[in-house]
Amino acid sequence: MPNPVPQRYHGLSGMAWLSTLFLAGCKGQQSVLAPAGRDAEVLAGLFWVLLAGAVVLWLAVNGLMLYIAHLNPRPQSRRMAEGLIIGGGIVLPTLLLTALLIYSLREMPRQREAGSGLTVRITGESWWWRVEYLREGTPIASANEVRLPTGSRSELVLEASEYIHSFWIPAFGGKTDMIPGRTTRMSLEPTKSGEYRGQCTEFCGESHARMALIGVAMEPQDFAEWLTAQAGPADDPLTPQAMRGRDIFLREGCGGCHTIRGTPAQGAVGPDLTHFGGRRSLAAATLPMERQALIDWLRDPAAIKPGVRMPAYDHVPEADLADLATYLEGLE
Amino acid sequence: MSASDVSPTAPGSDVLDSPMQGVWPPTPAMLASPVDPDLSRAQAKRLRKAWETPRGWRHVTAVNNTHVGKWYAMTALAFMLGAGVLALLMRIQLAVPENGFLDSDRFNQFFTMHGSAMMFLFAVPMFEAISILLLPALLGTRDMPFPRLSAYGYWCFLIGGIFVLGSVLFDAAPSSGWFMYPPLATESEGIGADIWLLGLSFIEVASIAAAVELIVGVIKCRPPGMRINLMPLYAWYVLVVGGMILFAFPPLIAGDFLFELQRSLDWPFFDPDRGGDPLLWQHLFWIFGHPEVYIIFLPSIAIAAMVVPTAARVPIAGYSWIVLSAVGTGFLSFGLWVHHMFTTGLPALSLGFFSAASEAVVIPTGVQIFAFLATLMVGRARMILPMLWIAGAVAIFTAGGLTGVMVALAPFDWQVHDTYFIVAHLHYTLFGGMVFPVIGGVYYFFPVIKKKKLSERLGRWSFWLCFTGFNICFLPMHLTGLLGMPRRVYTYQADLGWNALNLVSTVGAFVLALGILVFVWDLVRPKRHEPHTPRNPWGAGTLEWTHDVPDEPWGVRSVPYITSRYPLWDQPELLARMDAGRFYLPDAPEGLRETMITSAVDAVPLHVARLSGPGWSPLVAALFTGGAFILPTFKIYTPAVICGLLAIAAILFWLWTATARIPEKPFKDGGLGLRLPTYVSGPKAPGWWAVFITMLGDATGFASLVFGMFFYWTARPDFPPPDSPHADPVLSGIAALLFGAAWAATRLARGLNAAGLIGAARGSLLAGPLLALAGCGALIAAILHLAPQTHVYPAMVWALVIWTVSHVLCGAIMQGYCLARSLAGRMTAQYDADLWNTTLFWHFLLATCLIGTAMVALIPRAM
């Protein structure tokens, strides 16, 4: 499968002692260990502390076992044994765990605190993400891509339509479930601009594996400009191909499910496509935003995403699909 | 009184009101006096006859714990291998990105069945199997207290397990995950979810039955003198785990009950559009699900607690600490369930509380591990093969425990929850805390069962293959999870940095599978030509090594008098005297299967229990029970009801013919100068304890429904809906009064019967069921106008009424049964155990009825 978004390397200090395999892994775009948000940074730091502690304790316990079992030392007294049980089983863990709880509660990330700037409502659908930037009046609708400004804490309001999902962009912070009938929330504060992959982490049926999204952290100025552009209606098609594509879009009834603001297409079942061409990925970060991928998707979405609600358009001639793709790509 | 106090004249003060007659405790002179060899041979012959196992096709009617336990263990092993094959198929699918080996739906079925089968068809049943197999041996007793109940539980398990696991072969398996979260699972099409709900509820009922029996076995069937602080640690763990099953499974069964009502009748318990809430299921599931982890883990610690002292050749260090820790773990495990729900948006306060509680459980767990290390330090550790497996288990488990410390911190869990980090963590705890100790236990205990050892060479090969394979498979998964790979995905994209890690895991899985195969081969390969081992090949100190199975079916030749935790080390004459028939119950002059029942704490002999022997009724009852659970899956309701009625008939037949039989004489010679009653009723009888313990579990199930009612009230603003009709208060009040009267009639009947007023007692027993049925009618009439499909409030009211009414019907059958027993002369003023048990059932039932009617008619008006 081609690469949906450019890979980025987020270097980590203090890890050189780990294996090359490990370092290779850190190039991933969905990594807990490559934080780009305030909360993820805290949690990655916490992880390294926890890991170091765990390694030391594991070596101590198992080293002791190996020593007793293999070196067969002189038998110890019952008093000594009792001491080991009380010291190792009660005193040591009580001290360590108390310290750990105090430390980790102090370091508790702020992602449950109220956000201060932007509010985004994200709804887990089957199997994609409805994303709405809330403002006075109609929210600005998008899908499968969450853009947040760096340097401020944005509020995320999480809902679900049919099934339970879990919203997670590990580079920004921890996850929160989206539960039908309930509204959950969290806040995130990206620190480094860039693109980061996220994925649904609560099993949600057939296409759970195909429910990803792109988190984009932007400089505040860039973000403001982008949001203003998003608020506007769709660009009119300029080329004849694209114009044909728009006619096909309307003829095939795509507007029954999808909205393209500024056209008669006002459906609310599927993702809003007003600025579709400007997104970084296709089909909930399953495919790259490329022409051929788009045509394949339109022809038979279920071949890519099992159980998908969008019907196949394999009855549409290939040339028409190409025009349709041209139109959609142009909706930047 | 100390059990080692063998004063010849003064019997202990705590037995003065016991109807036991004779000398207690036995004097050294009595124990030392030889048994006439001819007499001993004659006794042995009679005993052998009484305990004979049916041969040929009647072998399936066997109920002896050594047979049932073996079938149980082998069946659980077979299910484990099946679930393991599913895991390998999933690993093939995940070996490379965008693989097409399994499609999404098939993969979802496989991971659902892998988890469900490993939990419900392997881990818990394996504990019960091993315990049924070994507990009588560990306690030096003849058999479990209710052998036919063990057999019934086994057949239920076999039928249910084949049904559930077999569904995978027909592409009809559940596919919503072993946790079955609604709305995904409530709305899933096909019969998969119903197979899960009904098939596994059926097995859960069997699991509870086994737990009840194991608890009663530990409390009442210990050998004379084995006070509670002398019990082998394994028995303590059985007690703790049995108790946990008793309180953990009923919330799940209550959840299953609501869930299946939603699926088959569209009652909206988990549907937010009609006032329901998917989170209620998550709470009920994890109130079960977290104790479940410790239900799986503690028995394996128990095995280690038996192996370690033998390997070190010294008594366990810190016995009391271990017991306290086991009990503490049991309690704590019920306070941790929310850590499976850290990401559901709960308030910060409860996150902090459950984080701290989850960390606290490290302490009792650590105590148990350090007690083993301490024992090895006190003695001289021998790396016998079982000990190697235990050491491997400790290495793996401590790693799983330490990642557990990490994920117990709510904020860290927000990152790794539902990723491969958790997959790694849970497999580290379950392999270290279950699979490795159990295999070690099989290598250790095998000579108890077959008098042969498994192969040392194959055992070491198996160990090293499993140990390396396991770590190659699961160690990389920690990193895979940190790099963002979620659980339960059927495939992944190639550019996420997960490819190499997944491939390595798949290779490891196959190495691990090879190790398991070597073990299975070692277990099942023919061993006919290998010599028998001596009876105690490891030089252990506990009673199971006195067993002479399979050569002798009786368990113990005579039930010993115990004064030590390690009798074979501390009581040097013990084995010879047991074999000679010096101790209790050395004979079976009546040709009946008998065992000793002793007091709960001090193990003072109380009576001789007559155990039920082989019979068809458990198998027949299990078949019909299976029909009653399985047929509704296919929406075949009438035959299901008929099956249910036939199952009840089969159980009644079994009770009628095999339980509470009036003995030919009230007392009999129990050996060593003791005359013991042959029939007891009330709290002295194991049957009464079984009813009491079962009803504790039943009450937990009911409490879960009541919890559900309050959950909706606190979680949903529209519960109950302001304009909703309520249950009729007058009819509900009448129902409560009628239930009270039915209870009073039962209690009165017991008093009248004991006073010899048999006619009046029968009259009272006749009135009881009529009052009970009238109460049911009134309660149903009180809520008939409520439409359960419209909103969760009327649905919840209906669910409570169904629960109450079905229990009252059960109570009415029991009253009728007592009446019939009295009329048939099988229950008299003196022999009244049935009536005692029925009265006890009604005590619980009264509480259910009163709380149930209050929840239906009173509380909602105040909400």
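Where they touch, domain 1 of chain A brings 21 residues and domain 2 of chain A brings 15, with two residues counted as in contact if their C-beta atoms, placed from the backbone, lie within 7 Å. This is a predicted model, so local features need pLDDT of at least 70 and side-chain atom pairs count only at 80 or more, while totals for chains, interfaces and linings use all residues. Residues are numbered from 1 along each chain as its sequence is written, and chains are lettered from A and ligands numbered from 1 in the order in which they are written.

Now for the two chains: 73 residues of chain B are in contact with 72 residues of chain A. On the chain B side, α12(B) gives the most, with 12 residues; helices here are DSSP runs (H or I, at least four residues) and strands are too (E, at least two), numbered from the N terminus.

Inside chain B, α9(B) and α13(B) pack at an angle of about 125°, with their axes 10 Å apart. Axes are lines fitted to C-alpha atoms, for helices over the stretch in contact, and angles run from 0 to 180 degrees between N-to-C directions. The pair is therefore oblique, the label for whatever is left once angles under 35 degrees count as roughly parallel, over 145 as roughly antiparallel and 65 to 115 as roughly perpendicular. As for who meets whom, Ala304(B), Val307(B), Val308(B) and Ala311(B) in α9(B) face Pro386(B), Met387(B), Ile390(B) and Ala393(B) in α13(B).
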